[in-house]
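Notebook open, model loaded. I want to look up the aromatic rings and the strands around them.

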Amino acid sequence: MYFKIYKQEDGFFRFEYKSDHGDFLFQGLGVFRSLDHCKKGIDYFKNESMYESFFSRETDSEGNPFFLMLDQTAKKLGISDIYSSFTLMERDIDVLKAQIYASPIDEEVASEE
């Protein structure tokens, strides 16, 4: 698993977290003025994702599960993909908690398509 940083057309940066196969797991909802600030945002996710309180389990209008990542004031910081089952969502949350801290950042910044 790894972080991928994107540069938007307006010059701001954002990031996603992907599986080793390149599948999208979640994206950060914030945008950052510089690459350095984006990396600091990723560090925040790495440090906070080990805590259960960082995750909020949700469902969309059709009852499909997904999770949000929240700061201590309940501000939304990240959102996952939609899952086909709660079991798969919980599995990914457990994997995130165990592996995100050591996840590398793909240093090649991509432009948004």
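**Ground rules.** I'm working with a predicted model, so I keep to its cut-offs: local features need pLDDT of at least 70, side-chain atom pairs count only at pLDDT 80 or more, and totals for chains, interfaces and linings use all residues. Residues are numbered from 1 along each chain as its sequence is written, and side-chain values use heavy atoms, with hydrogens and water left out.

**Ring pairs.** How many aromatic pairs does a search of the whole structure find? I get twelve. Rings of Phe, Tyr and Trp (its six-membered ring) pair if their centres lie within 6.5 Å; planes under 30 degrees apart are stacked, over 60 edge-to-face, and the rest tilted. I looked at Phe3 and Phe26: the centres are 6.5 Å apart and the planes sit at 80°, so I log this pair as edge-to-face. Phe3 belongs to strand β1 (residues 2–7) and Phe26 to strand β3 (residues 24–28), so the contact ties together parts that are 23 residues apart in sequence. Helices (H or I, at least four residues) and strands (E, at least two) are DSSP runs, numbered from the N terminus.

Next I checked Phe26 with Phe45, which is a stacked pair, with 5.6 Å centre to centre and 10° between the planes. Phe45 is in helix α1 (residues 35–48), so this pair links it to β3 across 19 residues of sequence.

**Burial.** Buried or exposed? I call a residue buried under 20% relative accessible area, exposed over 50%, and partly exposed in between (1.4 Å probe, protein chains only). Phe3 comes out buried at 0%, and Phe26 is buried at 0% too. Phe45 is also buried.

**Cluster.** I traced one aromatic cluster, and its members include Phe3, Phe26, Phe45, Phe15 and Tyr17.

**Strand β2.** Six of the six residues of β2 (residues 13–18) are buried, so I note the strand as largely enclosed by the rest of the structure. Phe13, Phe15 and Tyr17 point one way from β2, while Arg14, Glu16 and Lys18 point the other way. In a regular strand the side chains alternate between the two faces of the sheet.

**Strand pairing.** Two strands pair if DSSP finds at least two bridges between them. β1 and β2 run antiparallel, joined by six bridges, and Phe3 stands opposite Tyr17. Their hairpin has five residues between the strands, and Gly11 in the turn has a positive phi of about 90°. β2 and β3 are also antiparallel, with three bridges; Lys18 has Phe24 as its bridge partner. That hairpin has five residues between its strands, with Gly22 in the turn at a positive phi of about 90°.
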